[in-house]
Amino acid sequence: MSTLSNKRIIVGISGGIAAYKSAEIVRRLQDAGAEVRVVMTSSAEEFIRPLTLQALSGHPVHADLLDPEAEAGMGHIELARWADLLLIAPATADFIASMVHGRANSLLNAIILATPAIVAVAPAMNQGMWSHPATTDNMAMLAKRQVRIFGPDSGVQACGDVGPGRMQQPEQIVEQVAGCFAGQQLSGKKLVITAGPTREAIDPVRYISNHSSGKMGYALAQAAAEAGAQVTLVSGPVNLEAPERCNLVRVISAADMLSATMDACTDADILIAAAAVADYRPVTVATQKIKKHAEAINLELEKNPDIVSAASTAYSDLFVVGFAAETQDIESYARDKLQRKNLDAIIANDVSRSDVGFNSDNNEAWWITATASKVFSIRSKTQLARDIVDAIADQLKA
Ligand code: C5P
């Protein structure tokens, strides 16, 4: 899987002859799994039609800073926040100068000023313009501001000159964009997370379940996506918003969770089983609501399938992380579970405490593998999730 999978890229096009190559850049970025939006300056529209870029990116091209309709949809600040990386290709001498001066006179300039994303430029201009001290100074200023600079190439130019200033080829540019994300720990990895409780139907209106909030699993999904993984979150019923950039598969029962997880793990690298799967389910589910005539009723229960064990048995290359919610002898019970369920690592926590674990925003946990163990002292579930993602990445490297 490419490091571009799931990434959000804005391709900004300024007005130079190399703008025709931008269409190929958009296509290649999309082929590598990125989501692409295109922003054009008005002079870029003289070189390539917005319709071409709209058709390729599958989204309307953004061009106008002062268009109330566009601002009501995805406005400049929203676009600036949306992107992981902003690539200006081609970046003309004039556009580079406007960046250096922090201009906000076009939609593209305004986005560049507002974005926290990585900014990259692929310069394209005549060799004389490229060699001019003004451009040299401007490029030095962009480099100082951590703007990534791709190229330019040297060779025959559109005007007939020969020298440096040609925009790099689309494949080279896309490779360098991918390189900007290569440092992310889980970049290129497919990760499946189970989260939340399951509900086991007794009749059409009643069920057996537990108090799992799903917060830990959702925080893990978010942290893994931020670390560059492609995440499938298989979630039981919870009151949480879908985390960004995850493929959310909603399930109800353990049986549903088992089949969704086994499907998702087919081509996955990592499984984190954070779900609190109901241990038992009714042997039969009444088709009609059970009437409360009897003073007592007996429910016959059978054991649910163990999802994490099924996945670790079926997929031997999968790196499998389980959870152990314990109330006593935490480390020794967790170690036993690690072996019994054929896990690569287990995260153990003490559910007898009210300040951590179920329904709390905080958690304290032990990270245990066959050869090592360490404690993550009390911290937010968001932070713990990031630490677990780090621990997984370290383990995969080892
Ligand atoms: O056996 P126990 O429920 O304590 O094991 C906890 C670990 O096993 C968790 O990672 C949980 O998600 C997973 N599990 C599972 N399927 C079950 C029961 C637990 O995947 N039926």
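This report covers the domains, the ligand site and some backbone features of a predicted model.

Residues are numbered from 1 along each chain as its sequence is written, and side-chain values use heavy atoms, with hydrogens and water left out. Because the model is predicted, local features need pLDDT of at least 70 and side-chain atom pairs count only at pLDDT 80 or more, while totals for chains, interfaces and linings use all residues.

**Domains.** The protein is assigned domain 1 (8-179) and domain 2 (190-397). These bounds come from an automatic or database domain assignment. The C-alpha centres of domain 1 and domain 2 are 43 Å apart.

**Ligand site.** Ala273, Ala275, Val277, Pro305, Asp306, Ile307, Val308, Gly322, Phe323, Lys337 and Lys341 surround the ligand (a heavy atom within 4 Å). By class, this shell holds 7 nonpolar, 1 polar and 3 charged residues. Ala, Val, Leu, Ile, Met, Phe, Trp, Tyr, Cys and Pro count as nonpolar, Asp, Glu, Lys and Arg as charged, and the others, Gly among them, as polar.

| Residue | Protein atom | Ligand atom | Distance |
|---|---|---|---|
| Pro305 | backbone N or O | nitrogen | 2.8 Å |
| Ile307 | polar backbone atom | nitrogen | 3.0 Å |
| Lys337 | polar side-chain atom | oxygen | 2.5 Å |

Taken alone, the ligand exposes 450 Å², and the protein buries 84% of that (Shrake-Rupley method, 1.4 Å probe). Two elements give two or more residues each to the shell: α12 (307-314) and β16 (319-326). Helices (H or I, at least four residues) and strands (E, at least two) are DSSP runs, numbered from the N terminus.

**Backbone features.** Most residues other than glycine have a negative phi, and most peptide bonds are trans. Ala89 and Pro90 are joined by a cis peptide bond, with omega about 0 degrees. Pro90 is in strand β3 (residues 85-91). The bond from Gly151 to Pro152 is also cis, with omega near 5 degrees. Pro152 lies in the loop between β5 (148-149) and β6 (153-156). Asp329, a residue other than glycine, has a positive phi near 40 degrees. Asp329 is in the loop between β16 and α13 (330-340).

Technical notes: A polar contact is a pair of N or O atoms within 3.5 Å; within protein, one must be able to donate a hydrogen and the other to accept it, and residues adjacent in sequence count only if both atoms are side-chain atoms.
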